[in-house]
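Have a look at the model below before you read on.

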Amino acid sequence: MTRGCYIGRFQPFHNGHRSMVEAIVEDDHVDELVLGIGSADASHTRHDPFTAGERIMMLTKSLVDVDLVTYAVPIEDLDRNSVWVSHVQSMSPDFDVAYSNNPLVIQLFEEAGVEVRQSPMFNREVLEGSEVRERMIKDGNWESLVPDAVAEVVEEIDGIERIQRVSETDSNGV
């Protein structure tokens, strides 16, 4: 049995993330996949508006139709890169291979002796968390960039109101 690990902040889980999971299922033949919810301790900010629990809901509901056993695991930030991989491993079921396109994550896993596989980016100029969040803040069309289940979770938790509010400033413009 082969178990992979794909770490992301998933703020929110979008169609690019979904495409990555589908590529892992189709191309790499892993039997199970750990989905590491990065920055699990961060929420209620413009950069990280959703809680780890809300992101777990997004992932779980979005991947219900994927033919793969998945485990969503919150991974809190650790500001010491030299021990980050062991921190991830301590929070996760054992895994054989890590998936990432992030240069730092690749470097850290490789230094720790973990095999890392990359995949093509999927429509990266649009399918990027910062783009989805900006559209949410500006009342733009963000729903087309996320699985339907994510839009439902965002609606359930009043996520648009939250990200818009936490993105405001108390400055008087000076």
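Here are my notes, starting with the ground rules.

1. Ground rules. This is a predicted model, so keep in mind that local features need pLDDT of at least 70 and side-chain atom pairs count only at pLDDT 80 or more, while totals for chains, interfaces and linings use all residues. Numbering starts from 1 along each chain as its sequence is written, and side-chain values use heavy atoms, with hydrogens and water left out.

2. Overall layout. You'll find seven helices and five strands (DSSP runs numbered from the N terminus: H or I of at least four residues for helices, E of at least two for strands). Starting at the N terminus, their order is β-α-β-α-β-α-β-α-β-α-α-α. The radius of gyration, taken over C-alpha atoms, is 16 Å, close to the 16 Å from the globule rule for 174 residues, so the protein is as compact as a globular protein of that length. That rule is 2.2 Å times the number of residues to the power 0.38.

3. Buried or exposed? Of the 174 residues, 47% count as buried. Buried means under 20% relative accessible area, exposed means over 50%, and partly exposed is in between (1.4 Å probe, protein chains only).

4. Salt bridges. The whole structure has 11 of them, each being a side-chain nitrogen of Lys or Arg within 4 Å of a carboxyl oxygen of Asp or Glu. Aspartate 48 is buried at 7% relative accessibility, while arginine 9 is partly exposed at 26%.

5. A pair within one helix. Arginine 165 bridges to glutamate 161, with 3.5 Å between the closest N and O atoms. Both are in helix H7 (residues 159–167), and because they are four residues apart, about one helical turn separates them. Arginine 165 is exposed at 55%, and glutamate 161 is partly exposed at 44%.

6. A loop glycine. Which loop holds glycine 113? Glycine 113 lies between helix H4 (103–111) and strand S5 (115–117), and with a relative accessible area of 65% it is exposed. Its C-alpha atom is 37 Å from that of glutamate 134, although the two are 21 residues apart along the chain.
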